[in-house]
Amino acid sequence: MKRILIVVLLVLLPSVLFSNNKKSLEESENYQSDKNYNTPKSENNIIVYTTYKYNAIPDFMLKPFFDEFQSVNGHSFSIQTSFKTGNFAYTIDLDFMNLSAKDGYWAQKDKAPDYFILDTTYLNLGINFEWFFTLSPKLQMISSIGLGFGTFLGEMTKYKTAGISNDPTNSVYKKEDLKPPFFGHILIAMAAQYEVYKVKGKSPVYLRVNMGFKNSLFIGTSLGYQF
């Protein structure tokens, strides 16, 4: 629990500091404007998104490597804090993801099958870099790349089959824990973002449709609020 609280603070703290800096900058610009200085208005914005994604490793991606396998899919929920300047943004992404397969046999090409329990629930923290392409006053396309790290909260267990029992979890089978303490990820994604509403006529609310790759293929949607 302490680990999760620390990660949440790491995500939210920069947005507070960035917001205070933005406020100071705006106050300075207002002061300069009063003194008849011709200073351009800052384009820095903070956008906070909540995101849902459906994740999957399609069977066609597994068939070249396995003679026997189980379908892999899952869901993820994330909070993203985006710091946008002009047409570029960097985003801190805290993601809780489950990517699981039915307990069953997996066999690599030309090898004997082994029994696996795969419940790869994990928490990861990443940084993404985004480029915005404006199609209309309310519609933008976004291209993203990113990287990060995470820790497993689920189970990855392999039972080495020996043809002795019909129960792979029987003690005569060799059990191997495959769960690593940490892992890395890369992100390649595209999104369409539409401004659906403005709060009090000035703070946009955005709806996004996302698709891409983050250790698996995904498609999802985001709701964002710009401060």
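**View 1. Pairing of Tyr-49 with strand E3.** In this predicted model, Tyr-49 has Gln-80 as its bridge partner in E3. Strand E1 covers residues 44-57 and strand E3 residues 72-85, and the two run antiparallel, joined by 14 bridges; strands are counted as paired when DSSP finds at least two bridges between them.

**View 2. Strand E3 beside strand E4.** E3 is also joined by 14 bridges to strand E4 (residues 88-108), and this pair runs antiparallel. Within the pairing, Ser-82 is placed opposite Thr-91 of E4. In a regular strand, side chains alternate between the two faces of the sheet.

**View 3. The hairpin of E3 and E4.** Two residues lie between the strands of this hairpin, in which Gly-86 adopts a positive phi near 60 degrees.

**View 4. The whole protein.** Two helices and eleven strands make up the secondary structure, where helices are DSSP runs of H or I with at least four residues and strands are runs of E with at least two, numbered from the N terminus. Of the 227 residues, 41% count as buried, that is, under 20% relative accessible area with a 1.4 Å probe and protein chains only. Among contacts (heavy atoms within 4.5 Å) between residues at least 6 apart in sequence, 61% join residues at least 24 apart.

**Notes.** Residues are numbered from 1 along each chain as its sequence is written, and side-chain values use heavy atoms, leaving out hydrogens and water. Because the model is predicted, local features need pLDDT of at least 70 and side-chain atom pairs count only at pLDDT 80 or more, while totals for chains, interfaces and linings use all residues.

Definitions and conventions: Buried < 20%, exposed > 50% of the residue type's maximum accessible area, 1.4 Å probe, protein only.
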